Amino acid sequence: MRDRYLSVREVAELLGTTDRFPRRLVAERRITYVKVGRHVRIPESVIREYIDAHTVRPVQPRRRRLGRAA
């Protein structure tokens, strides 16, 4: 499978943010990116991994034990 390289604007649209957020991720080197001349391109797989790593899963409620009085 070939990876698609996205511009900062495309990544921002995908994440639902402004251009500033992906630029900050790149500046802080929190994601992998490719420099093509002066342009920054981010592999689509990196964005999927970033989303998976930062997805918060719901907490499963604990079962209460019955039969004990407080």
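Which residue in E3 is the bridge partner of Lys 35? The views below lead up to Val 40, the partner of Lys 35. This is a predicted model, in which local features need pLDDT of at least 70, side-chain atom pairs count only at pLDDT 80 or more, and totals for chains, interfaces and linings use all residues. Residues are numbered from 1 along each chain as its sequence is written, and side-chain values use heavy atoms, with hydrogens and water left out.

**View 1. The whole chain, for orientation.** Along the sequence the pattern reads β-α-α-β-β-α, with 3 helices and 3 strands in the chain. Helices (H or I, at least four residues) and strands (E, at least two) are DSSP runs, numbered from the N terminus. The C-alpha atoms fill a box of roughly 70 × 30 × 20 Å along the principal axes. The radius of gyration of the chain is 20 Å, while a compact globule of 70 residues would have one near 11 Å; the radius is taken over C-alpha atoms, and the globule rule is 2.2 Å times the number of residues to the power 0.38.

**View 2. Helix H1 against helix H2.** H1 (residues 8-15) and H2 (residues 20-27) pack at about 115 degrees, with their axes 8 Å apart. That makes H1 roughly perpendicular to H2, a label for angles of 65 to 115 degrees. Axes here are lines fitted to C-alpha atoms, for helices over the stretch in contact, and angles run from 0 to 180 degrees between N-to-C directions.

**View 3. Side chains where the helices meet.** From H1 come Val 8, Val 11, Ala 12 and Leu 15, which meet Phe 21, Pro 22 and Arg 23 of H2; contact means heavy atoms within 4.5 Å. These residues divide into 6 nonpolar, no polar and 1 charged.

**View 4. The open sheet.** Its 3 strands lie in the order E1-E3-E2, with antiparallel pairing; two strands pair if DSSP finds at least two bridges between them. E1 (5-6) and E2 (34-36) stand at the edges with a single partner strand each, so one side of each has no neighbour in the sheet. E1 is joined to E3 by 2 bridges, and Tyr 5 has Pro 43 as its bridge partner in E3.

View 5. E2 and E3 (residues 39-43) run antiparallel and are joined by 3 bridges. In E3, Val 40 partners Lys 35 and His 39 partners Val 36. The hairpin has 2 residues between its strands, and Gly 37 in the turn has a positive phi of about 65 degrees.

Conventions. Angles under 35 degrees count as roughly parallel, over 145 as roughly antiparallel, 65 to 115 as roughly perpendicular and the rest as oblique. Ala, Val, Leu, Ile, Met, Phe, Trp, Tyr, Cys and Pro count as nonpolar, Asp, Glu, Lys and Arg as charged, and the others, Gly among them, as polar.
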